[in-house]
Amino acid sequence: MLDKAFDPAAMEARLYAASEAAGVFSADPARPAAPFAIVIPPPNVTGSLHIGHALNNTLQDVLVRWRRMQGRDALWMPGTDHAGIATQMVVERLLASEGQERRAMGREAFLRRVWAWKAESGGTITRQLRRLGASLDWPRERFTMDEGLSRAVVEVFVTLHKQGLIYRDRRLVNWDPKLLTAISDLEVESREVKGTLWTLRYPIEGEPGRFIRVATTRPETMLGDTAVAVHPEDARFADLIGRHALLPLVGRRIPIIADAYSDPEKGTGAVKITPAHDFNDFEVGRRHGLPMPTVLDPEARIRLDEIEGELADIPGVAEAGFVRSLAGQERFAARKAILEKLEALDLLEKAEPHTHQVPHGDRGGVPLEPRLTWQWYCDAATLAKPAIEAVETGRTVFVPKQWENTFFAWMRDIQPWCISRQLWWGHQIPAWYGPDGHIFVERTEEEAKAAARARYGHDVALRRDEDVLDTWFSSALWPFSTLGWPERTPELAKYYPTDVLVTGFDIIFFWVARMMMMGLHFMGEVPFRHVVIHGLVRDEKGAKMSKSKGNVMDPLELIDAYGADAVRFTLCALASPGRDIKLSRQRMEGYRAFATKLWNAARFCEMNGIRPQPGWDPASARSALARWILDASNAAIAEAETALEAFRFDDCASALYRFVWNGFCDWFLEFAKPVLQGPDGPEKVEVQGAAQHVLGVILRLLHPIMPFVTEELWVRLGYGEEAGLPRAPWPAPAPVQEAEVARAELEAVIRLISEVRAVRAEMNVPPSLVTPLLVQGAAPEVLACWARWMEAIRRLARASELRVLEGAPPAGVAQAVLGEATVMLPLAGLVDLAAERARLSRERDKAADEARKIERKLGNAEFLAKAREEVVEETRERLAAISAEIARLEAALARIAD
RNA sequence: GGGCGCUUAGCUCAGCGGUAGAGCGCCUGUCUUACACACAGGAUGUCGGCGGUUCGAACCCGUCAGCGCCCA
């Protein structure tokens, strides 16, 4: 016997372990079944499961479990990402706590340490995914830094380099002065900062006392100014174009140039140009062939080596000694010193409060410095073209389609992708430098040496590039590198392209776009057919969850409290496309109640001799009740399937919720009770047969969303072996004879019971009081139908009998109008006649309102002429029905008039 | 500044051309032997404002307002 309530904590770990051990989550390329493949968005190896992962992986698991049950050879590829910066930071912090430092220990020792950390702590998130119930194919688990994937990375790098799509370039990059590495445009987060706009005066050469005023938010970079730009059509400065200003403090002669970049409306109309420290200035510098001295070192401290020779002393303008004193100063300290000096020289005109956007590193969180450095770049624009085309032609479809615009906007204006990082943890770039600086990009050191020998005629010492690749470079290969590429494995042949990618919109650029580019370039085919984009999980007030706000909901804690099934069901039910999810504990309580409801329905079945009957044939069902529930379960199957095909997890969840709770429990089991508790016989056998069949359908339909409670019941009730449900066949619709007739029959009974219940409740009739039902005006077939269901009506409507009223009704009746029939409940002494009159009048008025609306519609000649015929017909029928009802209500009122 | 999305019952959200829906909450009643994480019943909406298209608009188009996100 099942316990009174189910206890998820007691069963989840056991059930998962059994399935995993039985290998039911494993794909098999040798199986003839059609594939269904999803690759997991690899979580950071440093990560632990947060609510966003819970959503993302629940949705994937629902799809995978569903397709697996449909008989597909389903592969859900697990793995983690080495997460360059994040992991390096974690291990560096660990070292710091031990009083150690990365540089002091050296690269090799540090990397050994990271691997040791990974071996010890890297499995956290994969353990947590198991608690969620994620049916990943664990034996295939991969890591972006493992041997095979690293080989794929080298292969891709070398190939793209030989194709000219990866190259070295010296240009401005976003430099993180805290992490001391270049980062890509995408890792830049612009933050609004309340700062100051300073107006500086640069003296005009040869005209003492005349100045050009420039506005800047970054006075500390002025040491690297090599021009002042004004708009070519700005009359105020026309006579200055072509002349020179004297750069304060430094004494450098800098030209006043005309460039449309300078906006006459902004600031003073003149801007200082610092090509090595500002992206816009860099472009101006390029256009005008300006020198580009760097005046900040990697840690954003002042450095003077590139301008040392230019330092001069000009009274009232430049002071070489002062500038030298800035060397090594941190950028914000230098800013302060420079402003003070300018003020002292009367070259600082004003300072105004100014709010502006300042680029920050998304990892380090400090303001970035544009820095002129050599880095490796990937020609994303070239790779993007086929990816754009693939989405345009529908080879890959975004769901919701809306997101394709976001994808296009990014891809059509894509910039060169800076792929080198000045870190140690990651894939080291396979490039070696010869003594003359020539670069050899090869798969191995041996090949690089051979290439060098071929070039120089003898062996030379090669120096390997120290940098590693952007983490997203290896992630971009994930859909094929995990399948064994560059080997031509059976897995690659069978599962690529994968079917679906499920992810959040925040990584469309980082990851989806890059997988599209690399997949198309190296596999010649898109990496996935559908990209399902889900929303962000927020707290119940709609605020983003964050540690600092303290509103984080920990999925593991939620699983402990409500069970994994309830967490999963909640996430599915709330996953409306294109919307963020506002998650609340209250919602989760509601869906835990649903799991309990299912458990108790199964318990009821068990108590009433409802056991699995594998050979039971639904087509043999004769009774209306059996046919009705079988037909309803067919509808539920269709609804669930349609929803999942469209990635409508919310629709799937609500359709199943309704069917199980309202259809199966509230009506079917209630109707079944009189039969089940009555004498043995064919009727009971048939109801038991239908019940076991439909319960089996329910357990399978719910399994993708609620794998644990369904599997526990599946096994406990005897539907199958342990670990059997994940591979049980997805339910097929059962053939049902004359389903229409059964539907009409049950609808008539439900209607009667509902109406009688409503009347009783409104009249405050105590449930303990049973009454006869007196019927007037019912069609003979309806009467017959009700008679057949008398036992159920007796229980559910608390009726003692149902009989046709001959002659006048007794005094003190409450009445329910159902179409042509009127049902009366004799309640002499109990019924408050005034209340009953009020209730019936209210109903009458509502019906009359509705009738008026319909009449107006039918009175409109244009409606009759232009509306579709079925619509007109339907409207007429509605009017007829409602008119009849009004007449019955009037009659009922007349019967109890005072 | 550009782009996208949202605005429907107290709350969270479905519905996206032909009779306004669900869950929760609220109110009333009930230990009716599967389930009080339950059962039965009830109340609650000029579907953000305005204008247009249409026989007919929550739904399509325009416009305004408020909110949110992304990119400059």
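In this structure, 40 residues surround RNA strand B, and the closest of them are Arg579, Thr596, Lys597, Trp661 and Lys866. The model is a predicted one.

**The surface near RNA strand B**

- Five helices each supply at least two residues of the surface near RNA strand B: H20 (585-607), H22 (649-676), H25, H29 (861-866) and H30 (869-895).
- With 11 residues, H20 gives the most to this surface.
- By class, the residues of the surface near RNA strand B comprise 20 charged, 13 nonpolar and 7 polar.
- Asparagine 600 has a polar side-chain atom 2.9 Å from a sugar or linking oxygen of RNA strand B.

**Packing of helices H25 and H26**

- Helix H25 (residues 739-762) packs against helix H26 (residues 780-788) at an angle of about 75 degrees, and their axes are 10 Å apart.
- Because angles of 65 to 115 degrees count as roughly perpendicular, H25 is described as roughly perpendicular to H26.
- On the H25 side the contact is made by Glu745, Ala748, Val749 and Leu752, and on the H26 side by Cys785, Trp786 and Arg788.
- This contact of H25 with H26 has 5 nonpolar and 2 charged residues, and no polar ones.
- Helix H25 is also among the helices that supply at least two residues of the surface near RNA strand B.

**Backbone geometry**

- Most peptide bonds are trans, and most residues other than glycine have a negative phi.
- The peptide bond from tryptophan 485 to proline 486 is cis, with omega near 10 degrees. Proline 486 is found in the loop between helix H15 (478-481) and helix H16 (490-495).
- Another cis peptide bond joins tyrosine 496 and proline 497, with omega about -5 degrees. Proline 497 lies in the loop that runs between H16 and strand S22 (498-504).
- Alanine 300 is not a glycine, yet its phi is positive, at about 65 degrees. The residue is in the loop between helix H8 (279-288) and helix H9 (320-326). Alanine 300 is buried, because its relative accessible area is 0%.
- Aspartate 346, also not a glycine, has a positive phi of about 60 degrees. Its place is the loop between helix H10 (331-344) and strand S13 (348-361). With a relative accessible area of 46%, aspartate 346 is partly exposed.

**Serine 184**

- Serine 184 lies in the loop between strand S6 (181-183) and strand S7 (188-203).
- Its relative accessible area is 3%, so serine 184 is buried.
- A polar contact of 2.8 Å links the side chain of serine 184 with the side chain of glutamate 187.
- Apart from neighbours within four places in sequence, serine 184 is in contact with Asn174, Trp417, Cys418, Arg421 and Arg514.

**Histidine 354**

- Histidine 354 is placed in strand S13, and at 28% relative accessibility it counts as partly exposed.
- Histidine 354 and threonine 196 are 158 residues apart in sequence, while their C-alpha atoms are 4.7 Å apart in space.
- When neighbours within four places in sequence are set aside, the contacts of histidine 354 are Val193, Lys194, Gly195, Thr196, Leu197 and Thr217.

**Glutamate 442**

- Glutamate 442 is in the loop between strand S19 (439-441) and helix H13 (445-456).
- A relative accessible area of 14% means that glutamate 442 is buried.
- Not counting residues up to four places away in sequence, glutamate 442 touches Val158, Lys162, Pro430, Trp432, Glu447, Ala448 and Ala451.
- Glutamate 442 and arginine 93 are 349 residues apart along the chain, and their C-alpha atoms are separated by 34 Å.

How values were computed
Residues are numbered from 1 along each chain as its sequence is written. Chains are lettered from A and ligands numbered from 1 in the order in which they are written. This is a predicted model: local features need pLDDT of at least 70, side-chain atom pairs count only at pLDDT 80 or more; totals for chains, interfaces and linings use all residues. Side-chain values use heavy atoms; hydrogens and water are left out. Axes are lines fitted to C-alpha atoms, for helices over the stretch in contact, and angles run from 0 to 180 degrees between N-to-C directions. Helices (H or I, at least four residues) and strands (E, at least two) are DSSP runs, numbered from the N terminus. Angles under 35 degrees count as roughly parallel, over 145 as roughly antiparallel, 65 to 115 as roughly perpendicular and the rest as oblique. Contact means heavy atoms within 4.5 Å. Ala, Val, Leu, Ile, Met, Phe, Trp, Tyr, Cys and Pro count as nonpolar, Asp, Glu, Lys and Arg as charged, and the others, Gly among them, as polar. A residue is near a molecule or strand if one of its heavy atoms lies within 4 Å of it. A polar contact is a pair of N or O atoms within 3.5 Å; within protein, one must be able to donate a hydrogen and the other to accept it, and residues adjacent in sequence count only if both atoms are side-chain atoms. Buried means under 20% relative accessible area, exposed over 50%, partly exposed in between (1.4 Å probe, protein chains only).
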